[in-house]
Amino acid sequence: MSFHRPAFQPLAQAAAIIQSGNVRFTVLKDRLIRLEYDIDKVFEDRPSQIFWYRLQAVPEFKTWEENGWLHIETAYLYLSYKLNGEFFWRDLNIVLKESGHEWHFGDADFSNLKGTARTLDRANGPIPLDNGLVSRSGWSLVDDSTSLVFSEDGWLQPRVSGPFKKDYYFFGYGKDYLQAIQDYQTLSGKPGLLPRWALGNWWSRFWNYSQEELTQLIRDFEAHRIPLSVCIVDMDWHITKTGNASSGWTGYTWNKALFPDPYGFVRFLHDQKLRIALNLHPAEGVHNHEAAYPQMAEAVGIDPETKKPVAFDIASPSFTKAYFELLHHPMEAQGIDFWWIDWQQGTKTKTAGLDPLFWLNHLHYFDLGRNATKRPFVFSRWPGLGGHRYPIGFSGDSIVSWETLAFQPYFTATASNVAFGWWSHDIGGHCEGIENDELYLRWVQFGVFSPIFRLHSTNNRYCERLPWKHGLDVEEAARQAMQLRHRLIPLLYNASWVNADSGEPPILPLYYRWPDAPAAYTSPQSYLFCQQIFVAPFNRPIDPSTGLSRQVVWLPRGDWFNFFTGEYLQGGSWTVVYGRLQDIPAFIAPGSLIPLNNDGISNGVDLPASLTVRTVPGKVSTFSLYEDDGISQGYQNGEFALTEIQQELSGDTWQFNISPRQGNFNGALDSRTWMVEVIGISEPEKLTCRIGGENIYPSWDYYESQHVLRVDFGDVPAGSNVELTLQGIQTHREETPIFNRVEAAIEYAQIPSIVKQQFLIDLPQILANPGKIMAFANKFTESQLLAIFEAAFNHQSDPIPQETGQAFANMINTFNALLRG
């Protein structure tokens, strides 16, 4: 089982270590110091569960002793330790030089920005989260004193611990949150690159499907033009009526009553360009009804004739070896692509301190990657710090509710504070609660802009997750969303590459980009998706009186454009976004370069034969489109390619370039169709284009009402460059006129049409004299009045005159009084 042993580098360089008596300090980064105290002066050099790579370049620092104190100073930190002291508040402190904040050992961190949680099982709205690695205080502390350590053969075992043995890691990164997370991963390890197919749409349901039913279901998705890339078969794939002491939750033998030709079904999925996973509840071990029972029993020293169950013992190397080689490898050889590890049975094993969830994730991750033709990953719950190395996370069985949906954007983004970037939620919620078509759709729309998209629910006939079971309007909006997900795969795959290469998670809280803005810390519904898209999904029901959803959004200072419509919004303030059933609040800024697959219908995740780059002209920016074979570990040996895309706005001239592809890999396309969609500009006075050094005349269209230009370059060889120049353009930085915004605010409202018509006729006078709206006070609901007010005056570029704002406030107060009366 040597493939389960990572290539650890746990010994720090001697030049980074300062030992004085019972303490040892290791300067691992100029803002990260290991702090050890051991009364016996026996310090731990083995890799721990969390920290594997202490062998780092030694940062510049100086150290000296003075007046009974040991001092260590880096570019960012100033550590002082009282010689011959212990790790107490008075004996050890670190000053963050940039802010002047002084940390003392034992200080509580009341400003921690939190991390994540093991699971959302039974969650109905917010749950408490563990602390993260970043804090508004500027520091965080990881206590590694009791974590297990790896032996020479790669197996976890307890370390010698006690009250006088302490092992901490101090992070003093101030507001440089991303660097803290990235440096953490240089010490603990980064996640690998996900297989490309993991980023498409997944279908899953706890349901006793037959092979015929599940086959037809996959064909139904195709008939409805909704793409898939993964099919998970929940626990009924295996025998559940065992005839022995097993409850049936654990199983490794196909239920031939439901799947008479299981590997024929696997071949069918692969032919449809889908991958397959099987649900795994391993806690009950292996009983005598399993096909592999005789071999498993013999492997652990049990006479098969006794029919004695083989107990689950993942802490045992002999059991673990048989567990993989006898139960999993044969099924993987028949086409099973990965396993859903659905561990819910506690935190203890026969090895003290070893959480079976952590060890299952670790072992399954490395086992799946034992052959370089496949990439390792798992699908399992969060096991604690270090678990970021084992994507993908299954967030558990959440309750169906608007409160649960509203919590998940925050939960997903905040997990980045422990470097965990790949949560997968049960889209639509798992169980209980009140099913609602709109709630289902809003979950789908959030799922599109989530790390992993997976439809799932419990085995209740009323918990329906098929898009066409929710009415025509929801079906169409869900189809558009799920097609968009597959169009976004080039961007998502790039985010996975960035994550594997640099440690930057694909989803980030706003304070990573805008750490000095107080509003960035109070925007739990908003986050950055794949470095470029600002997302604030709707997570409240449509107001029946306005016919619109409402989301309060803080847009950072600068120019922003609706990702879908190109509508301009000026940032630097809170704004309120209203939307219809099919709308998703998502915004991009100047300089964005978003690659989109033009095929959003086909199953699977083939390299796109046709790509559109959606962009907003701005200061020079570059996007490196990463591609490889999508499935193997060949990328680690240089088998990949990069295509650099660049744009730059200078005065009234905009340049857009696609460089020749650099690198190669098996399956790389010889050519593809390229297009560019330019948002927020006037029609150019002149357009010139060169491909491979030759002048060409591409087809193009300008949409004046949207201020959008679309250019089709046609089929471009991979080795050719594209150079597009637009001259005589003006950037469009004007918000939608007030009249149009107010008109949109009442378009779907439940207001008599004659009242709507008269209101729009009177609107110019009302805008000049808001008091005139009182003539309509008894004709509008409070939420309708609020929508009108926010549409008219909630934008940064329309400062509200004091008398106007007061007039509207008086109007709303008067109307509230009428309601109460």
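The model is predicted, so local features need pLDDT of at least 70 and side-chain atom pairs count only at pLDDT 80 or more, while totals for chains, interfaces and linings use all residues. Residues are numbered from 1 along each chain as its sequence is written, and side-chain values use heavy atoms, with hydrogens and water left out.

**The largest cavity.** Select Thr 643, Arg 661, Arg 672, Trp 674 and Ala 718, which are the closest to the centre of the largest cavity among the 14 residues that line it. A cavity here is a set of points on a 1 Å grid over the protein atoms alone where a 1.4 Å probe fits but cannot get out, and lining residues have an atom within 4 Å of a point. Next colour strand 34 (671–679), which gives the most to this lining, with three residues; strands are DSSP runs of E, at least two residues long, and helices are runs of H or I of at least four, both numbered from the N terminus.

Now select Arg 118 and Asp 355, whose side chains meet in a salt bridge at 2.7 Å, N to O, the term meaning a side-chain nitrogen of Lys or Arg within 4 Å of a carboxyl oxygen of Asp or Glu. Both residues lie in loops, so the pair ties together parts that are 237 residues apart in sequence.

Finally, go to helix 9 (residues 472–487), where Glu 476 and Arg 479 lie three residues apart, about one turn of the helix. These two also form a salt bridge, with the closest N and O atoms 2.7 Å apart.

Technical notes
On a 1 Å grid over the protein atoms alone, a cavity is a set of points where a 1.4 Å probe fits but cannot get out, and a pocket is an open set with protein on both sides within 12 Å along at least five of seven lines; lining residues have an atom within 4 Å of a point.
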